[in-house]
Amino acid sequence: MTDVTDATRDAGADATIRQCLSLDQPRSFFLFAGAGSGKTRSLKEALEGLDTATLMTLRKHSRKIAVITYTNAAADEITRRVKADPVFQVQTIHSFAWSLIEGRTADIRGWLESNLRTEIAEIQAAHAKGRAGTDAHDKREKKMASKKKRLERLAEIRAFTYAPEGDNFGRDALQHTEVIALAAHFMTESETFQNIVLARYPFILIDESQDTMKPLMEALLTFEARHRGRIALGLLGDTMQRIYTDGLRDLEQRVGDFAQPAKQMNHRSRARIVELANAIRRDDDGRQQRAREDKPGGTVRVFLAPSEGTDRPAFEAWTRAEMARITEDRAWQDAEAIKTLTIERHMAAARLGFSELFEPLSKPDKLKDGFRDGTLPAMRLFTHRVLPFVTAQRNGDAFAAMAVLRDGSPLVDKRGIRVGRAGQASGLDAARAGVAELMTLFKDERDPSCAEVLGVVAEHRLFLIPDQLRPCLPDNSPVAQDMADILAELGLIFDEQGLTTPEDAPPIETTITEAWTQALATPFSQVARYLAYVEDRSPYGTHQGVKGLEFPRVMVIADDAHTRFKGLASYETLFGVKSLGRDAQKKADKGDETTIERTRRLLYVTCTRAEESLALVLYSEAPDTVRRFLISNGWMAEDEVVTAAADGTYQDA
C-alpha cells in the first residue's frame, strides 16, 4: 500500500479523467478544482496520457480532440505541451464557436434575418410605448435604422467574417455574441450540424467551464444529453471562481449524471492563505482545500480605513511598509514587486496614471472590448507603431526604428514609394523629414498630446491612419485630404478591417469620434502606461485579468466608494455595513444571485492569487463593523486587523 502524499493525493481525480476519455465508452465529467489545485495541469496530463492506439484511430478517421481554454496564453501553453500535434484542436471559446459555423453562409444569413426581424419588432413595440423627444427615443430610432439597413444588405454578403480576438466592423462581420448564439442554435436545432460535430470530435474539453457563456454551455449540455455515450464532454473548473455574470450559475447542479472527480490540494498558497480562502467560501458551497505540508505559515493582514478623508496613496504606501515589517520581506516596499488587484479597471488606470486615456475609450460598445484587452486597431497605431518607434529613436537604436517603419509605414512600402507627387520628397527622404518633426515633439523631455503625435504622423504619412482616427483630424485640412488622396491613388482605405476598397469603408459613429477626440487630448506618455497594463507588465490588475495566475505578494483593494459599476459588487454589503436593497432582496428570495454572492466570489479569486503573503486594503463607511464581521466569522484573528485612527494615523486593532 502506497503512502498518500501531497503530490499523489489527487491522483484519483486524474485517473478518472483518463478513464472517461475512452473511444469505446466515452463518459462526460466535471472536474472540481479549486484555486491552485493544478486544474490545467490535469488537463495537460490527460492529453499527454492518451495511448498511442487512441491517437492513431483519431488520425485515421480525421477526428480531433477539442480543447477549449480561457485565454490565448493558455491555448499556446497547451499547444506547446502536446508538441502542436494537429489531433488536438486547442482554441478559445470564441475561436471554437467560429470553427463550428465558419463557411455556413446560407445558414448564418437565415438566422440573422430571423433574429434581426425579431429585434426590430421588439424595438418597434418599445418605441410605440415610449415618449418622443427623449434620449431613449432617439437611441431606439438609430438602433432600428441600423438593424433595418443591415437586414436589407444581408443578401449582398457572399461570406461572413469574424475576428475572435478583436473588434468586428463592416457589414459582413459577425459580433462576438452572435457567433456564440449561432453555434448554440445550430448545436441544438440542426440534426445535420450535430452529426458533423459528433463525427469531428469524440471529446470536447472545456477549461474554466464556469465562465463559458451560458447559451453555449446550455447548448453543449443539451447536445451531450442527447448523444450520451457517443461523446465525452469534459468540464474543468470551480463555480466559486466564476467571474462573469454570463456564465451558467447552476452548472454544478446540471452535471449530476457526469463523473465528478474532485481535487483537494492547493499547491499554490501557504497554509494561512488557504485557511482564509476556506473561510470565505464556507458560507457558499462549503468546499474546502488542503495546503501542502511543505507550505506552512504565510501572512494575511487586513488594513481598514474610512471611505471619506483617507489619503489612499499614502495609506496604501503605509500598508506596503507595514507588510514589509510584518513579513520581514523587504520586497513589499517595492510597488513593482507586488500585484495590486482592484475590482475595476478604472481604479488601476487611476493608480497607474492613464485615466484620461482610459475613461473615454472604455465606454462605447464598439471600442471598449478591444481597448480593454489591447486589440483595438486604432489604439494599436499608438502602442505598436508610434510608441516602439519613438522609444527606439530616443534610445538611439536606428535598427529597431527602421524595423518598425518597414513593418507599417507606407513610405517604405513599395506601393507607397510608387505614388509620386510633384515637389514632394518620397520614400526614405520623406520618412527622414517626418521622423525629424515627430521627434521634435519630444525635445527637452516634452510630453506631447496624442493628437499632436497623430497630426505629425498623418501629415508625413509615417504610418497609415486607421479609419476611426481620420475624423479626428481637422475637416478639409491639408493633412486629412493628403492622406485620403494618397490612399485613393493606391485604391485603398485603411480601416479597422485593414486595407479595403473605399466603398466598403464602415461609417464612423459620432460617439466614437467624440471618444477619440477626448482620448487624443491626453499626454502621449499615458500610452506606455496603458500598454504595460494590458500586457500585464504593471503591478496592477483586476480580478478578470488574473484568473489562473499567481504572485508571491498580493494586495487586494476593496473600495466601494470609488466603484463605478455599483451592481457589480459591494464589499460593504458582504461585510454587513449595508443590507440588500428591496429589489435585491426580492431577487434573493426567488433564488437569484445576490451582490453578496458575487462579491464573495471576487474576493475569493483575488485572495487565492497570493502564494506567500496577502494584504486586504478595505475602505469602509464603518470600519469597526467590518472588523467585527471579519473576526466574528473566523476570517481573521484580532491581531491580523489594522485600522486607521480618526486623526489619520494608523494603529493595530
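These are my notebook entries on a predicted model.

**Ground rules**

I number residues from 1 along each chain as its sequence is written. Because the model is predicted, local features need pLDDT of at least 70, side-chain atom pairs count only at pLDDT 80 or more, and totals for chains, interfaces and linings use all residues; side-chain values use heavy atoms, with hydrogens and water left out.

**Entry 1: overview**

I began with the whole protein. I found 27 helices and 17 strands. Helices (H or I, at least four residues) and strands (E, at least two) are DSSP runs, numbered from the N terminus. The protein has 653 residues, and 51% of them are buried. Buried means under 20% relative accessible area, exposed over 50%, and partly exposed in between, with a 1.4 Å probe and protein chains only. Then I looked at contacts, meaning heavy atoms within 4.5 Å. Of the contacts between residues at least 6 apart in sequence, 75% join residues at least 24 apart.

**Entry 2: H16 against H17**

I looked up how helix H16 (residues 377-394) packs on helix H17 (residues 398-408). Their axes are 8 Å apart and the angle is about 155°. Axes here are lines fitted to C-alpha atoms, for helices over the stretch in contact, and angles run from 0 to 180 degrees between N-to-C directions. The angle therefore makes H16 roughly antiparallel to H17. The cut-offs are under 35 degrees for roughly parallel, over 145 for roughly antiparallel, 65 to 115 for roughly perpendicular, and oblique for the rest.

I also noted the hand: H16 and H17 cross in a left-handed way. Left-handed means that the near helix is turned anticlockwise from the far one by less than a right angle; clockwise would be right-handed.

Which residues meet? H16 supplies Arg385, Pro388, Phe389, Ala392 and Gln393. H17 supplies Ala400, Ala401, Val404, Leu405, Asp407 and Gly408. I sorted the residues of this contact into 7 nonpolar, 2 polar and 2 charged. Ala, Val, Leu, Ile, Met, Phe, Trp, Tyr, Cys and Pro count as nonpolar, Asp, Glu, Lys and Arg as charged, and the others, Gly among them, as polar.

Gln393 sits in H16. Gln393 counts as partly exposed because its relative accessibility is 31%. Leaving out residues up to four places away in sequence, Gln393 touches Ala401, Val435 and Met439. Val435 is 42 residues from Gln393 in sequence, with 8.9 Å between their C-alpha atoms.

**Entry 3: H5 against H9**

I turned to helix H5 (residues 93-101) and helix H9 (residues 191-200). They pack at about 115°, with axes 11 Å apart. Ser99, Leu100 and Ile101 of H5 make the contact with Phe193, Val197 and Arg200 of H9. The contact residues split into 4 nonpolar, 1 polar and 1 charged.

**Entry 4: positive phi**

Most residues other than glycine have a negative phi. Glu328 is not a glycine, yet its phi is positive, about 60°. Glu328 lies in the loop between helix H12 (312-327) and strand S10 (339-342). At 73% relative accessibility, Glu328 is exposed.

Arg461 also came up, with a positive phi near 55°. Arg461 follows H20, in the loop between helix H20 (450-459) and helix H21 (478-489). Is Arg461 buried or exposed? Arg461 counts as buried, because its relative accessibility is 10%.

I checked H20 as well. H20 is mostly covered, with 7 of its 10 residues buried. Among the buried ones are Cys450, Val453 and Leu454.

**Entry 5: Ala35**

I found Ala35 in the loop between strand S1 (29-33) and helix H2 (39-48). Ala35 is buried, at 1% relative accessibility. Apart from neighbours within four places in sequence, its contacts are Asp238, Gln241, Asn266, Arg268, Gln289, Tyr604, Thr608 and Arg609. I also checked Ala277, 242 residues from Ala35 along the chain: the C-alpha atoms are separated by 8.9 Å.

**Entry 6: Thr573**

Last, I looked up Thr573, in helix H24 (residues 571-574). Thr573 counts as buried, at 11% relative accessibility. Its side chain makes a polar contact of 2.8 Å with that of Ser570. A polar contact is a pair of N or O atoms within 3.5 Å; within protein, one must be able to donate a hydrogen and the other to accept it, and residues adjacent in sequence count only if both atoms are side-chain atoms. Not counting residues up to four places away in sequence, Thr573 touches Lys578, Ser579, Leu580 and Ile596.
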